[in-house]
Amino acid sequence: MKTLKEQTEAKVEGGRKARPEFMGMIDKLLAQQAEFKKGENALKLDQQAPDFLLPNQKAESVSLADLFVKGPVVVTFYRGSWCPYCNLQLSALQARLSEIHALGAQLVAISPEVPDGSLDTDAIDNIAFNVLSDQDSKVAAQYGVAWEVPEFFIEHMKVDRDLDLNVINNITKGNEENGTILPIPATFVIDTDGVVAWRYVDVDYRTRSEPEDVITALKKLI
């Protein structure tokens, strides 16, 4: 079975072959974002993780505090179901979910999408962890991973993919500026005392934390 890195790299390579000029622009813009140190305000190791109360894919309210009752919590931020790299990541995590649970941990995935728009019925049935809706990316901001998407990406989504973040994320009138905010793909392993024990943060949305690394971090907590 391919690792998540191998899967995402294959997708990037496919994009380079199909649209080399566009992917070159993506490389340049993401390099600029890294240079500007986007994501440097993300929660650091040993910092306290803010609690949250968010609706899941079944419209049930889920809080971080409640999840700690069962053990450590893996919190991963993703852009949305429209993002192919995000879907690869969630599928890879689902494939290792039994191992995560065996270590006494819970997994939650957070995106700005509305609860009834994040996943279709079949996807909900096939995902055995909480997918939470962080409208307006308020929790992402608390975790330091809210990212104002460059205009180039916004234009690409509208023109090339017919995607409108204001519609996808149910941005209300007067709050349109929140339609340009997405979470930096980031994963945090949070111990039962609410402290960040491990993290992965990278503004390049084409790279994601490897499930194996998450599991290794959980093992170190036992």
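Predicted model: local features only at pLDDT ≥ 70, side-chain atom pairs only at ≥ 80, totals over all residues.
C83 is buried, because its relative accessibility is 0%. C86 is also at 0% relative accessibility and counts as buried. Here buried means under 20% relative accessible area, exposed means over 50%, and partly exposed lies in between (1.4 Å probe, protein chains only).

Residues are numbered from 1 along each chain as its sequence is written.

The protein chain has 222 residues, and 50% of them count as buried. It contains 11 helices and nine strands. These elements are DSSP runs numbered from the N terminus: helices are H or I with at least four residues, strands are E with at least two. The chain exposes about 10900 Å², with 49% of this supplied by carbon and sulfur atoms. Accessible areas come from the Shrake-Rupley method with a 1.4 Å probe, and for residues only the protein chains shown count as cover.

The largest nonpolar core has 63 residues. Such a core is a set of buried Ala, Val, Leu, Ile, Met, Phe, Trp, Tyr and Cys residues joined through side-chain atoms within 4.5 Å. F52, L64, V75, F77, Y143, V145 and F188 have the most contacts inside the largest core. Helix 2 (residues 20–35) gives the most to this core, with five residues. Beyond four places in sequence, L64 touches A49, P50, D51, F52, V73, V75, Y143 and I190.

Nine aromatic pairs were found in the whole structure. Rings of Phe, Tyr and Trp (its six-membered ring) pair if their centres lie within 6.5 Å; planes under 30 degrees apart are stacked, over 60 edge-to-face, and the rest tilted. The W147 and F153 rings have centres 5.9 Å apart and planes at 65°, so this pair is edge-to-face. The F152 and F153 rings are also edge-to-face, because their planes stand at 75°, with centres 5.9 Å apart. W147 is buried at 2% relative accessibility, and F153 is buried at 4%. F152 is partly exposed at 28%. One aromatic cluster is formed by F22, Y85, W147, F152, F153 and Y205.

The charged end of R19 sits over the ring of F22, 4.4 Å from its centre. That of R79 sits over the ring of Y205, 3.9 Å from its centre. The rule requires NZ of Lys or CZ of Arg within 6 Å of the ring centre and within 35 degrees of the ring normal.

Several loop residues were examined. S137 lies between strand 5 (130–133) and helix 8 (138–142). S137 is buried, because its relative accessible area is 3%. Leaving aside residues up to four places away, S137 touches P112, A146, I181 and L182. D46 lies in the loop between helix 2 and strand 1 (53–55). Its phi is positive, about 75°, although D46 is not a glycine. D46 is exposed, with a relative accessible area of 64%. A59, in the loop between strand 1 and strand 2 (61–63), has a positive phi of about 65° and is not a glycine. A59 counts as exposed at 61% relative accessibility.

Definitions and conventions
Heavy atoms only, no water. Contact = heavy atoms within 4.5 Å.
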